[in-house]
Amino acid sequence: NKELFLAESPGLYIDVVRDTEHILKKKQELFAQGFEYFVFFDYEICNAPQIADSFISLKTRKSAMQKHGARQFIIREGSSQEAHAFYNTAHRQGGVNSKVNLFLEKDGIPFGCMSFSAPRFNSGYQYELTRFAIKSEHIVAGAFSKLFSYFLKKYNPVSIISYEDLRFSSLNPDNSVYIKSGFFKFSHRTK
């Protein structure tokens, strides 16, 4: 069972509506042919080449990446500054200020982080899951589930919203950590 993967860098991000609709259409067409399709904008490659490389490695060289199980790690709550620094090395959009920052650690070294804040774009929810990332060149099976379950148990939220970048998400619902964790897709926002 061979996975087919395509990545593209079309240049500067100019028109949010046109480009998002074009990317989604192309992604759907290629998915129907058995391909996974991902798009990097030039500034993402220029500003954080190690993050783009790690993402491509995840898709093309999984066997070369260091693999861990989430059970090997402890969860520690940290500051927004710590999370910001981690995301600047592990998330293509960098850091974001968040109220709750959960680190997945082993021997005092963070391998993953999940952050929550008051919603930035939709006040109809109690929390927004603002970021999730794993340390570059690593795979931590069960990391999303472990961190998210901890948040649910400790904070007992009434509602949570999150946003998924369609350029990097899989159209296969079996591959979505959001769907597996109980989120449901309710809109495709391009504006």
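## An exposed loop residue

N156 counts as exposed, at 61% relative accessibility. Buried means under 20% relative accessible area, exposed over 50%, and partly exposed in between (1.4 Å probe, protein chains only). N156 sits in the loop between α5 (143-155) and β9 (160-162). N156 is not a glycine, yet its phi is positive, at about 45°.

D107 makes a second case. Its phi is near 55°, again a positive value in a residue other than glycine. D107 is found in the loop between β5 and β6 (109-117). D107 is exposed, with a relative accessible area of 74%.

## Basis of the model

This is a predicted model: local features need pLDDT of at least 70, side-chain atom pairs count only at pLDDT 80 or more, and totals for chains, interfaces and linings use all residues. Residues are numbered from 1 along each chain as its sequence is written, and side-chain values use heavy atoms, with hydrogens and water left out.

## Overall layout

The protein has 6 helices and 9 strands. These are DSSP runs numbered from the N terminus: helices are H or I with at least four residues, strands E with at least two. Of its 191 residues, 39% count as buried. The accessible surface comes to about 11,000 Å², and carbon and sulfur atoms hold 53% of it. Such areas come from the Shrake-Rupley method with a 1.4 Å probe; for residues, only the protein chains shown count as cover.

Contact means heavy atoms within 4.5 Å. Take the contacts with a separation of 6 or more: residues 24 or more positions apart account for 65% of them.

## Two nonpolar cores

A nonpolar core is a set of buried Ala, Val, Leu, Ile, Met, Phe, Trp, Tyr and Cys residues joined through side-chain atoms within 4.5 Å. The largest core has 20 residues. M114, F116, L129, V140, F148, F151 and I160 touch the most other members. β5, β6, β7 (127-134) and α5 each supply at least two residues of this core. The largest share, 5 residues, comes from α5. A second, separate core of 7 residues includes F86, A90, F103 and C113.

F116 shows the reach of one member. Beyond four places in sequence, its contacts include L102, L129, F148, F151 and I160. In soluble globular proteins, nonpolar side chains tend to be buried together.

## One side of α4

In helix α4 (residues 80-90), the buried residues include S80, A83, F86, Y87 and A90. They cover an arc of only 125° around the axis, so they lie on the same side of α4. The arc is taken from the directions between the helix axis and the C-beta atoms. An α-helix has 3.6 residues a turn, so residues three or four places apart point the same way.

## Buried strand residues

F111 is in strand β6. F111 is buried, with a relative accessible area of 8%. Leaving out residues up to four places away in sequence, F111 touches H68, F73, F86, L104, K106, A133, I134, K135, H138 and V140. F111 and A70 are 41 residues apart along the chain, and their C-alpha atoms are separated by 9.8 Å.

E105 lies in strand β5 (residues 100-106). E105 is buried too, with a relative accessible area of 7%. Its side chain makes a polar contact of 2.8 Å with that of R76. A polar contact is a pair of N or O atoms within 3.5 Å; within protein, one must be able to donate a hydrogen and the other to accept it, and residues adjacent in sequence count only if both atoms are side-chain atoms.
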